[in-house]
Amino acid sequence: MCSAWRERPVLACFPALLFPLQSTMFLVGLSGGIASGKSTVVAVLRELGCAVIDADVIARQVVQPHSKAHQQILQHFGPEILLENGEINREALGSIVFSQPEKRRLLNSITHPEILKEMLKQVLKYFVLGYRYVILDIPLLFETRGLTRFMKYTVLVYCDPPTQLARLMKRSGLGAAEAEARISCQLPLEEKRRWATHVIDNSGDWEGTRRQVLQLHTRLEDSLDFLWARLAVGAAAAGLGGLLFLLIRHFIS
């Protein structure tokens with residue numbers, strides 16, 4: 001979990017900055033569980049041309065050498081967590097924070113504010129580009145719960161427990177006991193399911209999952225939420241255009 005005292009200043013900025021944007025664009029939180037197939041769903045969404053912001057990718061970007069977060073991590077965890085090229089050894093750092101909750105909280109207090117700021121920058125970019133909605137791919141969306149209040153909808157990529165276990169064992173070459181231990185480190189998918197506004201069941205084949213993603217995309221695109229605001233913005237733009245035309249005509253004549 002993130003450290004509240006470090007995350008609060010960044011989260012406090014979100015309502016003031018996001019609420020004006022959400023009059024013409026809304027946010028959709030996407031999450032899943034280990035081996036539930038979230039990457040499959042993201043691939044289909046990207047194929048459809050959806051704007052997807054990947055929190056995992058951003059998490060890697062913000063700790064690159066010479067970054068603010070990289071310097072703070074080096075200060076608190078020491079040079080032994082670095083690779084030869086100066087990048088952070090994610091496995092070495094992960095082994096430390098996995099077994100020491102206070103170290104995990106410290107790491108989160110360093111990285112989460114930087115991740116949130118970069119996510120906000122990308123949201124603003126898609127707003128300027130005129131996207132109807134933006135998908136935030138956040139693995140721990142339901143665990144942290146801090147960002148869910150900024151999402152109009154939340155989507156869970158679900159699969160049944162036996163399928164999840166079998167996929168993880170096949171993908172990672174783990175035994176049943178080790179795979180179950182990794183799954184148990186996360187919030188159960190059944191519990192996440194209660195918090196989600198939409199669920200994509202990825203227990204079956206790829207075609208079935210794809211159909212569900214297409215249906216979700218259609219519902220989001222056809223959503224009438226904030227339509228009044230979009231019309232108001234359009235009317236205001238048309239009004240300003242008309243006024244500008246009259247002023248130019250006046251000065252020319």
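Tutor: We shall discuss salt bridges, then aromatic rings, then a strand and its neighbours. Please keep in mind that this is a predicted model.

Student: Is R210 buried or exposed?

Tutor: A residue counts as buried when its relative accessible area is under 20%. The value for R210 is 18%, so this residue is buried.

Student: Which residues are linked in a network of salt bridges?

Tutor: The network consists of K68, E114 and K117. Let us take its links in turn. K68 and E114 meet through their side chains in a salt bridge, at 3.7 Å from N to O. This pair also links distant parts of the chain: K68 is in helix α4 (residues 68–77), E114 is in helix α6 (residues 101–128), and 46 residues separate them. E114 forms a salt bridge with K117 as well, and here the closest N and O atoms are 3.2 Å apart.

Student: Why are E114 and K117 separated by about one helical turn?

Tutor: The reason is their spacing: E114 and K117 are three residues apart in helix α6, which means that about one helical turn separates them.

Student: How accessible are the members of this network?

Tutor: E114 is buried, with a relative accessible area of 15%. K68 is partly exposed at 45%, and K117 is partly exposed at 38%.

Student: Helix α6 has been mentioned. Where is Q122 placed, and what does Q122 touch?

Tutor: Q122 is placed in helix α6. With a relative accessibility of 16%, Q122 counts as buried. Leaving aside residues up to four places away in sequence, Q122 touches I53 and I58.

Student: Let us turn to aromatic rings. How many aromatic pairs does the whole structure contain?

Tutor: A search of the whole structure finds three aromatic pairs. One of them is F26 with Y153, an edge-to-face pair with 5.6 Å from centre to centre and 85° between the planes. To read the geometry, one looks at the angle: planes over 60 degrees apart count as edge-to-face. F26 lies in strand β1 (residues 26–31) and Y153 in strand β4 (residues 153–158), so this pair ties together parts that are 127 residues apart in sequence. Both F26 and Y153 are buried.

Student: What is the geometry of the pair formed by Y126 and Y131?

Tutor: Y126 and Y131 form an edge-to-face pair, with 5.1 Å between the centres and 80° between the planes. Y126 is buried, at a relative accessible area of 12%, whereas Y131 counts as partly exposed at 30%.

Student: Which residues form one aromatic cluster?

Tutor: The cluster is made up of F26, Y133 and Y153.

Student: Which residue lies over the face of Y126?

Tutor: K125 lies over the face of Y126, at 4.6 Å from the ring centre. A further case is K103, which lies over the face of F77 at 5.5 Å from the ring centre.

Student: Finally, how many residues of strand β4 are buried?

Tutor: Strand β4 is mostly covered, with six of its six residues buried. One may then read which way the side chains point. Y153, V155 and V157 point one way from β4, while T154, L156 and Y158 point the other way, and all are buried.

Student: Do the neighbouring strands run parallel or antiparallel to β4?

Tutor: β1 and β4 run parallel and are joined by four bridges. Within this pairing, V28 has Y153 in β4 as its bridge partner. β4 is also joined by four bridges to strand β5 (residues 198–201), and these two strands run parallel. There, Y158 stands opposite D201 in β5.

Key. Residues numbered from 1 in each chain as written. Predicted model: local features only at pLDDT ≥ 70, side-chain atom pairs only at ≥ 80, totals over all residues. Heavy atoms only, no water. Buried < 20%, exposed > 50% of the residue type's maximum accessible area, 1.4 Å probe, protein only. Salt bridge = Lys/Arg side-chain N within 4 Å of Asp/Glu carboxyl O. Phe/Tyr/Trp six-rings, centres within 6.5 Å; stacked < 30°, edge-to-face > 60°. Lys NZ or Arg CZ within 6 Å of the ring centre and 35° of its normal. Contact = heavy atoms within 4.5 Å. Pairing = 2+ DSSP bridges.
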